[in-house]
Amino acid sequence: MIVPVNLPLGSYDITIERGVLKKAGKVLNLNRRVLIVTDSGVPAEYAKTVAKQCKDPVIATVPMGEESKSLAIFEELCSAMLEHNFDRADCVVAVGGGVCGDLAGFAAASYMRGIDFYNIPTTVLSQVDSSVGGKTAVNFGGIKNIIGAFYQPKAVLIDPDTLETLSERHFSNGLAEAVKMSLCFDKELFELFEKADARENIETIIERSVKTKAAVVEQDEKESGLRKVLNFGHTIGHAIESTEELGGLYHGECVALGMLPMCAPEVRERLRFVLKKLALPTEYSGDVEKLVSAASHDKKFCGEKVTVITLPKVESFCMESHTSDELFERIKEFYA
């Protein structure tokens, strides 16, 4: 299946197909120098499979984890391209999860003011969400994704077969983003989460999530309006993610916790049922004061206010402008 993303200055196709990793050279232009960015947690065979289809591949394997989304690792990728004489005709390919995609995309956006970028996501989270839409970034100063750029890929290849090597926890972690999109835009998908087995329906989940994300990005590429809805659960989720004592939680687990306070009571109970079914957390046990402090650094604050997304019912959302005090009261009321 091909899902097109139609944008004024950079349309591209998302190919969803089992086994497409082995056919990457037929779908992508790899007849040039290619920097393949992967991480130590991704099976090495995935990057090697892509490398065999490239004219002149360079594999850069970064350490697994959010810590790799740093200026230091970004510099290493740029140095590798410089060392191997990459020019504007060459490209970068991410093979891995959201960390690889964000990091590789930002390197591609920056090197020589922009070279081609392809994304081959291999986790649930990156397949249903982060590989689509062109957000690239690194973390800095303890703030998640604070330095980055909107830079659309030339193509995205999604091979559901790569999910077979994921642990159950990583599989569930990624589903939180699909749940987010279903709550905001796709009532039928949310009902699937309620009634059916997610793993047995993973291709449907990927397809519907990607189509939703693509439709939103087509209407609002740079997050000036509708795309802000995709931040549902993220303002609080990112704050949870950045608190030291909860460093062991994955991104999707933090988003799951961040969605709950933003729902009306009836929606919250349905969401809590789904999260438990997917083995995602529903209770926060950290320091609320630290959480409040972390939330105050969210990059989405404009002046003294931040736009938050609330859900009065499934497939219906509201954009509300909160002052920091209003947001903090919501956090304290729910988590205290």
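Author: Happy to! Let us start with I14, which, leaving aside its neighbours within four places in sequence, is in contact with M1, I2, V3, V5, V132, V156, I158 and V210; contact means heavy atoms within 4.5 Å. Before going on, a word on the background: this is a predicted model, where local features need pLDDT of at least 70 and side-chain atom pairs count only at pLDDT 80 or more, while totals for chains, interfaces and linings use all residues. Residues are numbered from 1 along each chain as its sequence is written, and side-chain values use heavy atoms, with hydrogens and water left out.

I14 belongs to the largest nonpolar core, which has 65 residues, and together with L183, F193 and I205 it touches the most other members. A nonpolar core here is a set of buried Ala, Val, Leu, Ile, Met, Phe, Trp, Tyr and Cys residues joined through side-chain atoms within 4.5 Å. Buried means under 20% relative accessible area, exposed means over 50%, and partly exposed is in between (1.4 Å probe, protein chains only). Helix α6 (residues 168-185) gives this core its largest share, 7 residues; helices (H or I, at least four residues) and strands (E, at least two) are DSSP runs, numbered from the N terminus. There is also a second, separate core of 24 residues, with V37, V62, A104 and A107 among them. In soluble globular proteins, nonpolar side chains tend to be buried together.

Now for the charged pairs. The whole structure holds 24 salt bridges, each being a side-chain nitrogen of Lys or Arg within 4 Å of a carboxyl oxygen of Asp or Glu. One of them joins E241 and K144, at 3.4 Å from N to O. E241 sits in helix α9 (residues 234-242) and K144 in strand β8 (residues 143-150), so this pair ties together parts 97 residues apart in sequence. Both E241 and K144 are buried, and the two also belong to a network of salt bridges with E66, K69 and D102.

Another salt bridge pairs R208 with D186, whose closest N and O atoms are 2.8 Å apart. R208 is in helix α8 (residues 202-219) and D186 in the loop between α6 and α7 (187-195), so the pair links distant parts of the chain, 22 residues apart. R208 counts as partly exposed because its relative accessibility is 29%, whereas D186, at 8%, counts as buried.
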